[in-house]
Amino acid sequence: MKKYLHKKLILPTLAVIIFFSTTAFKNDFFEIAKQIEIFTTMFKELNMNYVDETNPGELMDTAIKSMLDDLDPYTQFYNEQDVEASRINNAGDYTGIGAKVLTLKDKLVIVEPYKNYSADKAGLKAGDEIIKVDNVVVADFKDDAANLLQGAAGTEVTVTYKRQGKTNTVKIIRESLEIKAVPHYSMIDDKTGYIVLRKFNQKASAETLGALRALKNQGATQLILDLRGNPGGLLHEAVNVTNIFVPKDQLVVTTKSKVKKYNKTYYTKRDAVDTEIPLVVLIDGSSASASEIVSGALQDMDRAVVVGARSFGKGLVQRPKPLTYGTQMKITISRYYTPSGRCIQALDYWNRDENGKATRVKKENYNAFKTRNGRDVFDGGGVQPDVEIELSKFTPITKAILNENLVFNFATQYYYDNKVKDLSAFKLSDSDFNAFKGYLKTTGFNFETKTEKALEDAISVANEEELSGVINSEIDDLNNALKAYKTNAINANKPQLKSLLTDEIIKRYFYSEGLYQYYTANNPEINKAVSILNDTKQYTSILGK
């Protein structure tokens with residue numbers, strides 16, 4: 001243990017040397033050195049003298065993560081396993097069982113088995129709960145249990161899982177899987193191409209370019225680029241994707257930092273593939289980072305009409321910094337700005353509320369900027385679509401239902417209770433939706449509104465001031481009104497919830513490929529995009545031409 005501690009204590013000493021040699025920290029060197037020395041001595045005394053055996057690695061991991069939690073959610077520490085997972089994510093290569101999984105406290109849940117890969121061939125289905133991998137019980141595994149499923153291609157792993165109350169065991173041969181940045185592209189009609197770009201890994205621009213060329217060969221004269229649900233990725237790939245549609249030497253994004261060397265401007269470096277093809281970009285509340293750079297830049301240049309819901313609002317740039325022993329840190333180094341000069345960061349992590357939560361930039365504090373054609377665009381709250389689709393914007397109750405995985409869980413039950421063979425004929429009925437409402441009741445689902453929380457606080461203050469007796473009837477009226485709202489909220493959100501249920505259920509029977517096929521005929525955002533593209537006058541009017 002002492003030897004292990006000795007290695008751990010080298011880290012702060014090296015950090016002092018690094019800090020001392022870095023210009024940005026010279027002014028604060030004494031304070032930094034002082035705090036590191038305090039932490040080093042405290043850490044040593046704790047591990048040597050605490051009444052029970054300690055785990056220095058776990059203590060340090062907790063200390064680091066707690067420190068970073070006070071900054072922003074994107075500044076993170078990566079151990080050796082995390083570094084490898086990040087490399088795989090950016091490269092687009094993966095070796096495992098061929099399934100998307102969700103890590104929960106005591107189990108792994110199969111979210112989606114990829115069609116014709118190992119997990120699918122072994123019979124695993126979405127909703128299956130993995131409780132043991134080889135001889136390791138998932139509930140007892142302290143790190144991300146999803147790592148247990150990874151391993152060299154060709155190796156065997158034994159998976160124990162629960163399905164519909166029954167426990168099953170299956171052996172799966174791991175295999176290599178290419179995680180595509182563009183999982184789907186197709187022709188919607190005889191002139192409209194459709195490209196789904198799901199992540200900005202190292203292959204994003206190459207795959208987008210390949211899809212565009214293929215679609216143009218099939219007759220595409222107008223295009224929809226779908227960035228919904230795209231969490232972002234590599235900044236340079238965002239620039240390269242933008243470059244497909246805009247000429248060489250165009251400003252795409254600027255980054256600004258307190259460290260001068262991180263202040264950069266990113267321009268398109270190549271000749272565009274097509275600067276004229278009419279283009280609609282789809283975004284939603286889960287489109288973030290690199291997705292916002294692309295949609296924001298194309299909007300600022302009046303090169304595309306943006307359709308959907310306001311994007312996530314992540315205007316921060318991270319850079320990996322290698323540390324010792326194969327570990328790494330991803331640190332927020334700058335903010336980025338679209339060509340018009342706007343930063344679309346929505347949350348303020350540096351001026352938190354009384355509960356320590358990041359505050360959202362208020363609409364009245366947004367600043368206006370101009371696109372090339374003189375249209376107003378705004379900062380502070382993500383990329384605002386040129387054409388908003390109400391169905392795309394999640395309501396509080398929809399968010400609460402999704403956060404508890406209730407749409408996913410209902411779809412699992414639906415799959416085992418119903419047979420669906422014809423994708424084109426599938427439609428979620430009103431009786432199906434009523435069954436979903438009944439399911440919500442069985443789960444005890446009950447979401448708390450901000451108004452309820454504020455009312456609870458007001459009642460607490462009223463009790464302290466002995467005013468509760470005076471306002472009891474008014475409080476009862478408010479509580480009854482809130483209960484009525486919550487009762488009716490499910491029905492009020494019926495179109496949005498039916499759409500989400502439909503998407504999840506279709507994937508159970510026809511995989512993601514079937515969902516994209518269904519989208520091209522039935523998705524409201526895609527239908528609106530096609531309508532805009534087919535109306536040249538409307539398209540040019542939106543762009544201010």
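Me: I'd like to start with one residue. Where is the place of Ser311 in this structure?

Reply: Happy to begin there. In this predicted model, Ser311 sits in the loop that links strand 16 (305–308) to strand 17 (316–322).

Me: Is Ser311 buried or exposed?

Reply: The idea is to look at the relative accessible area, where under 20% means buried. Ser311 has 5%, so it is buried.

Me: What is Ser311 in contact with?

Reply: Setting aside neighbours within four places in sequence, Ser311 is in contact with Ile283, Asp284, Gly285, Ser287, Glu292, Gly381, Gly382 and Val383. Two of these names come back when we turn to polar atoms. The side chain of Ser311 makes a polar contact with the side chain of Glu292, at 2.6 Å. A polar atom of the Ser311 side chain also lies 2.6 Å from the backbone nitrogen of Val383.

Me: How much confidence goes with the model, and which residues have a pLDDT below 50?

Reply: The protein chain averages a pLDDT of 89, and 91% of the residues score at least 70. Residues 1–21 are the stretch with pLDDT below 50; beyond near neighbours in sequence, this stretch has 27 contacts in the model. As a general rule, where pLDDT is low, the predicted coordinates should not be read in detail.

Me: Now for helices. At what angle do helix 11 and helix 14 pack?

Reply: In general, two packed helices are described by the angle between their axes and the distance between the axes. Here, helix 11 (residues 430–443) and helix 14 (residues 494–522) pack at about 95 degrees, with axes 11 Å apart. Helix 11 and helix 14 are therefore roughly perpendicular to each other.

Me: Which residues meet there?

Reply: From helix 11 come Asp430, Phe433 and Phe436; from helix 14 come Lys494, Leu497, Lys498 and Leu501. The residues of this contact divide into four nonpolar, three charged and no polar.

Me: What separates the C-alpha atoms of Thr412 and Ala126?

Reply: This shows how sequence and space can be read side by side. Thr412 and Ala126 are 286 residues apart along the chain, and their C-alpha atoms are separated by 6.9 Å. Thr412 belongs to helix 10 (residues 406–417) and counts as buried at 10% relative accessibility.

Me: What does Thr412 touch?

Reply: Not counting residues up to four places away in sequence, Thr412 touches Ala126, Gly127, Gln164 and Arg508. With Arg508, the side chains make a polar contact at 2.7 Å.

Me: Which value does phi have in Gln164?

Reply: The general idea is that most residues other than glycine have a negative phi. Gln164, although not a glycine, has a positive phi of about 55 degrees. Gln164 is in the loop between strand 7 (156–163) and strand 8 (166–173), and counts as partly exposed at 44% relative accessibility.

Me: And what is phi of Asp134?

Reply: Asp134 is also not a glycine, and its phi is positive, near 55 degrees. The place of Asp134 is the loop between strand 5 (129–133) and strand 6 (136–137). At 33% relative accessibility, Asp134 counts as partly exposed.

Notes: Residues are numbered from 1 along each chain as its sequence is written. This is a predicted model: local features need pLDDT of at least 70, side-chain atom pairs count only at pLDDT 80 or more; totals for chains, interfaces and linings use all residues. Side-chain values use heavy atoms; hydrogens and water are left out. pLDDT is the predictor's confidence in each residue, from 0 to 100. Contact means heavy atoms within 4.5 Å. Axes are lines fitted to C-alpha atoms, for helices over the stretch in contact, and angles run from 0 to 180 degrees between N-to-C directions. Helices (H or I, at least four residues) and strands (E, at least two) are DSSP runs, numbered from the N terminus. Angles under 35 degrees count as roughly parallel, over 145 as roughly antiparallel, 65 to 115 as roughly perpendicular and the rest as oblique. Ala, Val, Leu, Ile, Met, Phe, Trp, Tyr, Cys and Pro count as nonpolar, Asp, Glu, Lys and Arg as charged, and the others, Gly among them, as polar. Buried means under 20% relative accessible area, exposed over 50%, partly exposed in between (1.4 Å probe, protein chains only). A polar contact is a pair of N or O atoms within 3.5 Å; within protein, one must be able to donate a hydrogen and the other to accept it, and residues adjacent in sequence count only if both atoms are side-chain atoms.
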